[in-house]
Amino acid sequence: MSEEKKHVTTMADTGRGAAAAAAAWIVPGLGHAILKRWASAAVYFLSVSVLAILGMAMRGNVFPFSSADPFDRLGFFADLGTGAFYFLSKTFEAAGPDVSHAAGVYGTMLIATAGVLNMLFILEAFDIGRKTKP
Amino acid sequence: MLNHFQTLLLFAFIASLSFAFLSKRRMGERLRYTLWAFLAFVLIAIAIGWLMYPFTR
């Protein structure tokens with residue numbers, strides 16, 4: 001009778017998971033590339049970058065931390081999920097946001113979606129690094 | 001730039017592809033899941049649009 005060996009998560013695993021998660025945040029897909037999940041890395045990078053860049057090209061709103069409105073603050077945390085794209089938003093969106101047109105509203109949603117999707121990718125990178133997910 | 005329906009299609013495709021890679025391991029499963037989820041996104045969005053239509057009048 002064989003018994004399944006359950007992997008015990010070590011501190012080294014947790015460190016690797018945290019490093020992969022940090023990399024996945026700052027550059028979408030980088031965490032999975034570090035973990036040698038090349039297909040996932042490529043797909044996650046393309047997904048987040050297409051949504052974020054297209055959203056900024058459509059002049060969507062990129063929320064700042066300084067806003068007092070609680071919904072804007074939620075939007076900030078969503079946008080922050082895109083990592084480097086958030087900090088480079090002024091480069092991609094030189095003309096600034098314009099939500100007076102429908103395209104700007106769609107763009108705002110695309111940017112927030114990019115951030116929230118990347119949060120799922122970050123969590124997966126953490127789990128794979130810790131070996132709690134195959 | 002993209003209109004509302006084009007934005008919907010793009011969002012549906014990227015979300016479907018992302019969830020396929022998050023939940024499946026084999027490429028065949030991922031491709032099938034992507035297609036199924038994309039069709040579901042689009043059909044349900046159109047259905048909800050029609051359900052909201054009477055309230056626009």
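Helices here are DSSP runs of H or I of at least four residues, while strands are runs of E of at least two, and both are numbered from the N terminus. W38(A) is exposed, with 11 other C-beta atoms within 10 Å. In these terms a residue is buried if 20 or more other C-beta atoms lie within 10 Å of its own, exposed if 12 or fewer, and partly exposed in between, with C-beta atoms placed from the backbone. The C-alpha atoms of W38(A) and A114(A) are separated by 20 Å, and the two residues are 76 apart along the chain.

The structure is a predicted model, in which local features need pLDDT of at least 70 and side-chain atom pairs count only at pLDDT 80 or more, whereas totals for chains, interfaces and linings use all residues. Residues are numbered from 1 along each chain as its sequence is written, and chains are lettered from A and ligands numbered from 1 in the order in which they are written.

Chain A as a whole comes next. Chain A has seven helices and zero strands, and from the N terminus its elements run α-α-α-α-α-α-α. The C-alpha trace of this chain spans about 70 × 30 × 25 Å along its principal axes. Chain A has 134 residues, of which 43% count as buried. Among contacts in chain A with a separation of 6 or more, 74% join residues 24 or more positions apart; a contact means that the C-beta atoms of two residues, placed from the backbone, lie within 7 Å.

I26(A) sits in helix α1 and counts as partly exposed, with 14 C-beta neighbours inside 10 Å. Leaving aside neighbours within four places in sequence, I26(A) is in contact with G83(A) and A84(A). I122(A) lies 96 residues from I26(A) along the chain, and the C-alpha atoms of the two are separated by 9.7 Å. F77(A) belongs to helix α4 of chain A and is partly exposed, with 14 C-beta neighbours inside 10 Å. Between the C-alpha atoms of F77(A) and P64(A), 13 residues apart along the chain, the separation is 9.1 Å.

The largest nonpolar core has 36 residues, and A20(A), A24(A), A114(A) and A125(A) touch the most other members. Such a core is a set of buried Ala, Val, Leu, Ile, Met, Phe, Trp, Tyr and Cys residues joined through C-beta atoms within 7 Å. Two or more residues of this core come from each of α1 (11-26), α3 (38-57) and α7 (102-129) of chain A, and from α1 (4-23) of chain B. The most are given by α7(A), with 12 residues. Leaving aside neighbours within four places in sequence, A125(A) is in contact with A20(A), A21(A), A24(A), G31(A), H32(A) and L35(A).

Helix packing within chain A also involves α7(A). The axes of α4(A) (residues 70-80) and α7(A) come within 6 Å and cross at roughly 60 degrees. Axes are lines fitted to C-alpha atoms, for helices over the stretch in contact, and angles run from 0 to 180 degrees between N-to-C directions. The helices α4(A) and α7(A) are therefore oblique to each other; angles under 35 degrees count as roughly parallel, over 145 as roughly antiparallel, 65 to 115 as roughly perpendicular and the rest as oblique. On the α4(A) side, G75(A), A78(A), D79(A) and L80(A) meet I111(A), A112(A), G115(A) and V116(A) of α7(A).

The meeting of the two chains takes 13 residues from chain A and 10 residues from chain B. Here α7(A) and α1(B) pack at an angle of about 0 degrees, with their axes 11 Å apart, and are therefore roughly parallel to each other. From α7(A) the contact draws on A102(A), Y106(A), T113(A), L117(A), L120(A) and E124(A), and from α1(B) on H4(B), T7(B), F11(B), S18(B) and L22(B).

Within chain B, the axes of α1(B) and α2(B) (residues 27-52) come within 8 Å and cross at roughly 145 degrees. Among the residues that meet in this pair are L8(B), F13(B) and F21(B) of α1(B) and Y33(B), F38(B) and V42(B) of α2(B).
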